[in-house]
Amino acid sequence: MLLTISTTYPPATDLGYLLHKHPSRIQSFKLAFGQAHVYYPEAHAERCTAALLLDVDSVGLTRRPHGQFSENFALAQYVSDRPYVASSFLSVAIARVFSSALSGKCKEHPDLAETAIPLRAKLSILPCRGGEELLRRLFEPLGYIVEAERHALDAQFSDWGESRYFTVTLENTCRLSELLTHLYILMPVLDDEKHYWVDDAEIEKLSRRGNDWLAAHPEQESIVRRYLKHQQGLTRKALAQLREEDVQQTDEPIQQEAEAQVEERMGLNDVRLAAVTEVLKQCGAKRVLDLGCGEGKLLRRLLAEDQFEEIVGMDVSHRALKIARERLRHDRLPEKQKKRLRLFQGSLGYRDKRLVGYDAAVVVEVIEHLDLPRLSAFERVLFESACPRTVLLTTPNIEYNVKFENLQAGRFRHKDHRFEWTRDEFQSWATSISNRFGYTVMFHSIGPEHEDVGSPTQMAVFVREGREGKIT
Amino acid sequence: MIMQIPEPSLVLLIGPSGSGKSTFARKHFKPTEILSSDFCRGLVSDDETDQTVTKDAFEVLRFIAAKRLAAGKLTVVDATNVQADARKPLLALAREYHYLTVAIVFDMPTKLCQERNEARPDRDFKSYVIRQQRQQLRRSLRGLKREGFRNFIYVMSTSEAVESACVERQPLWTNRRDEQGPFDIIGDIHGCFDELVELLKELGYGISTQPSGEIVVEPPQGRKAVFVGDFVDRGPKVPEVLRLVMGMQKTGAAICVPGNHDVKLVRALRGKNVKQTHGLAESLSQLEKTPTEFKTQIAEFLDGLVSHYVLDDGKLVVAHAGMKAELQGRASGRVREFAMYGETTGETDEFGLPIRVNWADEYRGAAMVVYGHTPVAEPQWVNQTINIDTGCVFGGKLTALRYPEKELVSVPAHQTYYEPTKPLLDEVNELPSVKTQAYDDVLDINDVMGKRVISTRLHHNITIREENTITALETMSRFAVNPKWLIYLPPTMSPTETTNSPGLLEHPAEGFTYYRRQGISNVIWEEKHMGSRAVVVVCRDPETAKRRFGVIGDTLGICYTRTGRRFFEDAAIETELLRQVKEAIDNADYWKIFDTDWICLDCELMPWSVKAQELLRQQYAPVGTSARIALGEAVVSLEIAAERDIDVSHVLDDYRQRTEAVAEYVKAYQQYCWQVQSVADLKLAPFHLLATEGAVYFDKDHQWHMQMLTKLCQSSENDLLFATSCGVVDVTDDASQAEAIRLWEELTAQGGEGTVIKPLDFVVHGKRGLIQPAVKCRGREYLRIIYGPEYTLPQNLERLRSRGLSRKRALALREFALGVEALERFVRREPLSRVHECVFGILALESESVDPRL
C-alpha cells in the first residue's frame, strides 16, 4: 500500500521537515503488523513528494499458537486484501511514522506546520464501501478536489463488474496535519472495517482528532457510526459528545432485520405483529408457540399480554435465539415473567415432542423461507404431530409486490425467500392442509388493502375441528 | 427348594432385618444385580445404618432400579420390604416396565433375627423393631399374589430351607434369541389354505399328504416358517389351515404367534359369550363338522401361543400387530394387548374401525419388527418395521418375508373371500409409493439434536459434540436438500505431510511415503479437478425417485454439494445435467449390468466459478485487483526514487518478486473460471461409483471405479462427463514413483490443481485402525488461492511449513466412516432416520474448527 504526499509550496523540500523524514534517504520502521518505508520519489524546490510504503505481513497476522483457531475461522483471513489497501493499518502507520506531523508539530519550522499549503495526496488503492459518491461526500465538504479511478474486479471477466477499489488523489490547501488527520479518520470509514477491537478508547481518538472539523461535517453521523464499527452504544455516546449533549439512556433500538427493509416504509412488521397478537388474544389461547421466533419481536408483545401464561419461542438459528434472549433481557426478568417464557432451538423440518399440547402456534413469515419440497414435512410436524388447537400463519402476498417502489420487478422481498405466493396459491394450499389434518381455515389481510392486488401480508387462521374431548 | 426366576424380572427380597436376605442375595445373584437399601443409605449419607435418610435412600434405589428395568436387566431389591406400602412403588415400577415380579420371603423366627442383629456391631435395633417387622411380614403373606407377584412367590421359614434353596433362571417365553433362522415369515392367512400351500411351495417347502390324510411339511434346509397369526376367520378353509400350522409347529417347522382373531376363536370355543362378527361365524360353522377332540387341540394350541417372539439374538421381533421397542421381550397384559391389536387411540373412524396410532412411525428400536394385522396393498418398510398382511382373504395376496434376505414372496388370492369393511386396498393403490414413505417422511428432532454417538462399521462409535449439532441443525434445515435425497456426504480430505522440497508445501513423495509406512505398496493417483464437489443421484425414471427415495415430483434425481445444498439454483440446468448422465448410463447399459434403477456418483463439477462465484467476487478477484495495482504503483514509485540515487534496491527487489507472485495468483484462479450459460459449459468428472440398488462399492478397488466411470464417460453423447486421468504407483519402487512425480509436476505446471493419492483398495485398515482413504497433493500455483498470493516468498513459506495435520486427519476418517455408513444403511433399506443421522453427523463435524487451508 502506497500513500504519496506532494506539495509545491516553495521550497517544497521543506516537506521533509514537516514530516520529520529526510528526503535523500529511505527509512524503514518496524510495526506490530509489518513494516513501513518512507522515501521521496521526487524532491526539489518546486515540488516534493514523500512516499509511505506499508508492508502488512499477512502470514504473520494470521498465525496463532499451534492448534488454536478462532470461531469464525475462514479462508478469508489468508487470501486477504489487507496487505494491499488503505485501511486502519495505514492509519496506525501514519500515527506511528508521522506522529509529530499528524499532531501539527514541527521543531524546525513551527510556523510552516501552522500554514495552509497546497497539498496533494494519492492513495494507490482505497476501498470505498459506498462508492465514489460517499468518497466525495466525505472529502469535498473539507475542501478537497477529489479525483477517483474505479477498478474492475477482473479484466478478464468483465461481467463480474466493478470492485470497490479506487485509486484516489486528494488536493487541498490546508495544513499537513489536517490532511493526515482527515486520512487517518476517513480511510477506515470508507473501508468500513477495522483490524482491531473497538471500545471507548476509540471515541476518545475520534474526539481528539476530529474535534474541530467533525462537528460541522454533514456526514458526521455515518462517519462516527462506521468509525465505531456500527456499535450503537458507542456511536450514540460519540455523537452526543460531538454535539455536546447528554447521553440519553434509551432502550437499545431493535435493529431492523434485513427482511423488513423492503416493507419498512409502511411499518408492516409492526402492523403484522399487532394483527397476530390480536387474533391470538381473541382465540383465547393461554399457552402459545412462536415458531420461527427470530430475534423475539413477537415474543416481546406476547409477554406484555397477561392472557398468555406460557410462551415458547423456537427458532432454528442459535444466534437469533441468543439475540432474542438478550433483547428480552430474559435472565433479568422477574422470576414470574421468566417462567412464562421458554426459548429453544428447533427446526420445523423435524417432529418435536416439545411442541405438543399447546393452545396455539404462530408461524409468522416463516414458510417462505422453506424450500417448497420440504413444506410437506413442515405440514406434518405442525398440523399432525404438534397439532395445536389454533395455528396463525402469515406469508407475503406476491401480488402486492408491484406496490413496493423499492423492489425490483420479479424479485422476492427477501434474498432468502424460496417462494412467495399469490392469494390463490396460499388459500388453496391452506385449504388442502385444513382438509387433510382436520382443521377449518379462515383468511385475513394484513396491511393496507389494495383493490387489485390485496394486502401485503396474508394470514391464515386454522382451528382444529372439535375433537378436543378425545385428544389427550 | 428350587426357585424359578424369570429373566428378566424384578425380585423383591422380603424379610425382617437379620433374616438372611443379603447373604442369600450374595450367594445367588451378581453384585451388580443387587440393589440394597443399606448400600443406598451409605451412598447418600456415608452411613449404611442411618435410618434418618431412608426416604432419600429409597429414591436413589428406585432411580437405579428404573434404569436397570429400562435396560431389561434382572434386578434384586434387598430391603426389608415387609410393608405393602414399601412394595407398592416397586411393583408400580415393574408394571411401568412390563416386568414380572418375584417375591422371595424370609419368614424366619424372630429370635433368630434378633440374635443375628445383636451379633452385628453396626446394628443397634431395639428388639421390638424386629418383632414388628415380622408381624408386618406375616400380615402381608396372604396378599402377595394379589399385589402382583402371581406365580412367583417363594417362602422360606427355616435356615435349612434358605441354605438348600437353589435359584434357576428361566428366560421369558418370548425370548427365543437362540433361534437364528433363516426364517420365512408369513402374513395373515385367515383360512386361505390353498394360497398358503402355494406360498409354502414357492418358498421351497416340501408338502406331502400321508395316507392318513395328514399333511407333512418339510422345510428347505435349515429354514423355519414363522406365522404372524390370524389363522382363522373369514376365509374358506379354517380347519385345514389350523391342522397344517399345528402340525408344522409340532415338528419344529414353524413358530407361531397369535392374532386377535385366534384369541377370539378360543374364547368362543371355550364357550364364552363372544359376538360372532368379523368372520368368526364362518370359522365356527366350518369347525362344527370337525371332531371335538380336534377342537380341544385347537384351543390348546391357540391358548399356548406366546404374545410375540424376540429372535436371532434380538435382531428380529415377530408379533401379530407389531411391537414397540420398549415392550419387546417383556411380559404384561399390555404387551400382549399390543401384540394383538397394536396401539389404538380408543376412537373409531367413520367405518367403525379403531383409529390406530402409528407406533411404527416413531419406532427407533434396533430390532427389525415383522407384523401383520392391518391389510395393506404392498408391504411397507417403515423404520425397520414391515407389515406383511397383504389382505389375501380380501382378494389381495398372501405374502412371506424371507429373513435375513429381506425378500418378499407373494401368491395372489384365488378370489375375494370376504369384502373388506373399508375400501382400504383401493385407497392404497391410488398412491402406493407415497404411502410407502408416509411414515418415513418426518424425521424427529431427537434423531439429530444434542450430543450424538453414531456406531459405524468402519470406525466404531463416532461422537458428535452438541455444539456442532447446533450449527448443523440450522444448515440442514435452511439450506440442505430434501433429506430423502441426502444419502451420502463426502468426507474432508487431508493433504500430504508438508514437504521440504524447495519452493513447495506439498509433494507426491510425501503421499507415497505415508502409505508405504502404513504397509501399503500399491496406490493410485487421480487428477484432482479444481471445481466443486458434487454428489449426483440419478434414477432411471421419476417413478424410481418416488418409490425408492420417496421424492414426489417429476424428477430424475439430484445434484448436491458437499454440504448438502442443491448445486444449481436453476432447475433447468439440473434437469438437463441429470438427463445427460442418465443417457450415458442408458448407453453404457449400467441399469442392467448393476441390476439397478438408480446410481449414486461422487464427482467434481467444473468450473469452480459456478459455485464459487460469490467467493470469487467477494474475495479472490478483489485481492488480485488490489494487489496488482498496489504493488505496481509501489514498484513504479520505487523505481523513480532509485533514479534519484536513493538506495531502495532491497525494497524494490522484494516488490518486484511480490508483483510476479500476484500475477501468478491471478492466473491461478482465472484458470478455474469460465462463463456458464448452459449445461454445455459444464464438466462433470465422476470418480467414485458409490452405490446402486442393493450394493455399495467400497469393496471394489479404485482401478475398478475408474474403469467403470471411464466407460460411463465414453458412453456419453455430450461433453459433460469427463474422465479423470489416473495411474497406479508402486510405492516401493523408485522408478514407478519418479514417473508419477514427473506426471504431477507436468500436471501442476499446466495449472492443474494437483492429484489425490489413494490406496488401491477403497477401505484399508492398518495396525492402528482405519487408514486415510485419500490424501491430496496440491500444486504450487494452485496453493496461492489457499495460502495467499505471496505464500511462495521464502520468508512466508518457511513459516507456513509448520502446520499440524492430525486434527484434519482424524476428522477425515470420521467423516469417511460416516459417509460409508450412511450409504450402507440406505442400501440396506434402513429407515430414513438412520441414514440421516450419519449425514447429519458429517455436516456437524464440518463445523469443527480445523485449519481451512488444509
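**View 1. An open sheet of chain B in the predicted model.** The sheet comprises 5 strands in the order β13-β12-β9-β21-β22 of chain B, and their pairing is mixed. Its edges are formed by β13 (254–256) and β22 (407–412) of chain B, each of which pairs on one side only. On average, neighbouring strands of this sheet are turned by 20° against each other, direction ignored.

**View 2. Pairing of β9 and β21 in chain B.** Strand β9 (residues 183–186) and strand β21 (residues 397–403) of chain B run antiparallel and are joined by 4 bridges. Within this pairing, B:Ile185 has B:Leu401 of β21(B) as its bridge partner. Helix α9 (residues 193–202) of chain B packs on the sheet, where it touches β9, β21 and β22 of chain B. The direction of α9(B) makes about 140° with that of β22(B).

**View 3. Helix α10 of chain B across β12 and β13.** Helix α10 (residues 238–250) of chain B lies across β12 (224–227) and β13 of chain B. Relative to β13(B), helix α10(B) runs at about 115°.

**View 4. The contact between chains A and B.** Chain A contributes 57 residues and chain B 49 residues. Elements of chain A that give two or more residues to the side touching chain B include β1 (2–7), β5 (117–127), β7 (162–174) and α15 (375–386). The most is given by β3(A), with 5 residues. The side of chain A that touches chain B divides into 28 nonpolar, 19 polar and 10 charged residues.

**View 5. Strand pairing between the chains.** β11(A) pairs with strand β23 (residues 443–444) of chain B in the parallel sense, over 2 bridges. Here A:Tyr350 stands opposite B:Leu443 of β23(B).

Technical notes
Residues numbered from 1 in each chain as written. Chains lettered and ligands numbered in written order. Predicted model: local features only at pLDDT ≥ 70, side-chain atom pairs only at ≥ 80, totals over all residues. Contact = placed C-beta atoms within 7 Å. Nonpolar A, V, L, I, M, F, W, Y, C, P; charged D, E, K, R; others polar. Pairing = 2+ DSSP bridges. Axes fitted to C-alpha atoms, helices over the stretch in contact; angles between N-to-C directions.
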